[in-house]
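Here's a quick briefing to read with the model open beside you.

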Amino acid sequence: MFERFGRGARAVVTGAVGHAERAGAREITEEHMLLALLDQEGTKASFAFRALGVADRRASVEAALEGARRRGGLSEADAEALAGLGIDVGAIVSRVEETHGAGALAGDRPPSPAQAKGWRSGHRPFTREAKGVLEKSLRIAVGRRDRTIGDEHILLALSVGRGVVPEVLASHGATYETLERTMFPPV
């Protein structure tokens, strides 16, 4: 599949690895891919982010991702559903962080010696969800009859489904539909 990746898609994957390394993450996630997309310039995805105003609200996107990380990966929709059952996720996060420190639910633990060795050699795995995004991007490109996978296909793949990244994108006006209209206007 990676042989079909164009320059933009390769830059997103490389950028996601860089974001994971800087964050000290054990795996490369969808969040890292979104941050790498936000770093892009001169691509269809960067055009869509500018046109939809997402590029100007990067700090808001990053804060939303950090909030989900603090909640142990729960999306706002998950937290609202739990609130409907009488469970205050914010209160739980506050209590856990009082006892165990800020970001205790984020899941970022120090690496084992074996993990650290793999990291130094550049081998950070992609999460199952991140691999799924790459597979979706291939299906989107094939469905559009595009010969290569570009960063625009990765962005569209990130915008579908459930979870933190599609929710954050949607809350910033970047749904699959708005992204598709912006990047691939009808002729």
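A residue is called buried here if its relative accessible area is under 20%, exposed if that area is over 50%, and partly exposed in between, using a 1.4 Å probe and protein chains only. This is a predicted model, so keep the cut-offs in mind: local features need pLDDT of at least 70, side-chain atom pairs count only at pLDDT 80 or more, and totals for chains, interfaces and linings use all residues. Residues are numbered from 1 along each chain as its sequence is written, and side-chain values use heavy atoms, with hydrogens and water left out.

**The overall fold**

- The protein chain has 11 helices and zero strands, where helices (H or I, at least four residues) and strands (E, at least two) are DSSP runs numbered from the N terminus.
- Going along the sequence, the pattern of the protein chain is α-α-α-α-α-α-α-α-α-α-α.
- The protein chain has 187 residues, and 41% of them count as buried.
- Contact means heavy atoms within 4.5 Å. Of the contacts in the protein chain with a separation of 6 or more, 65% come from residues 24 or more positions apart.

**The nonpolar core**

- A nonpolar core is a set of buried Ala, Val, Leu, Ile, Met, Phe, Trp, Tyr and Cys residues joined through side-chain atoms within 4.5 Å.
- The largest such core holds 41 residues, and Leu34, Ile154 and Leu158 are the ones that touch the most other members.
- At least two core residues each come from α1 (7-23), α2 (30-39), α3 (44-52), α4 (58-70), α8, α9 (151-158), α10 (164-171) and α11 (176-183).
- Helix α2 gives the largest share of this core, with six residues.
- Leu158 is in contact with Glu30, Met33, Leu34, Leu37, Val133, Val165, Pro166 and Leu169, once its neighbours within four places in sequence are set aside.

**Helix α2, mostly wrapped up**

- Nine of the 10 residues of α2 are buried, so this helix is largely enclosed by the rest of the structure.
- The buried ones in α2 are Glu30, Glu31, His32, Met33, Leu34, Leu35, Ala36, Leu37 and Leu38.
- The cover over those buried α2 residues includes α1, α3, α4, α8, α9 and α10.

**Helix α1**

- Val12 lies in α1 and counts as buried, at 0% relative accessibility.
- Not counting residues up to four places away in sequence, Val12 touches Met33, Ala36, Leu37, Gln40, Asp151 and Ile154.
- Val12 and Leu35 are 23 residues apart along the chain, and their C-alpha atoms are separated by 8.7 Å.
- Leaving out neighbours within four places in sequence, His19 is in contact with His32, Leu35, Ala36, Asp39 and Arg58.
- Arg7, also in α1, is exposed, with a relative accessible area of 78%.
- Arg7 and Gly150 sit 143 residues apart in sequence but 7.2 Å apart in space, C-alpha to C-alpha.

**Helix α11**

- Thr178, Leu179, Thr182 and Met183 are the buried residues of α11.
- Looking down the axis of α11, its buried residues fall within an arc of 115°, so they line one face of the helix. That arc is taken from the directions from the helix axis to the C-beta atoms.
- Both α3 and α9 are among what covers the buried residues of α11.

**Three arginines to look up**

- Arg124 is in the loop between α7 (113-120) and α8 (128-143), and is buried, with a relative accessible area of 11%.
- The side chain of Arg124 reaches the backbone oxygen of Ala25 at 2.6 Å.
- Arg144 lies over the face of Phe184, at 3.5 Å from the ring centre. A charge sits over a ring if NZ of Lys or CZ of Arg is within 6 Å of the ring centre and within 35 degrees of the ring normal.
- Arg145 is in the loop between α8 and α9, and is exposed, with a relative accessible area of 78%.
- Arg145 has a positive phi of about 65° although it is not a glycine. Most residues other than glycine have a negative phi.

Key. Polar contact = N/O pair within 3.5 Å; in protein donor to acceptor, adjacent residues only side chain to side chain.
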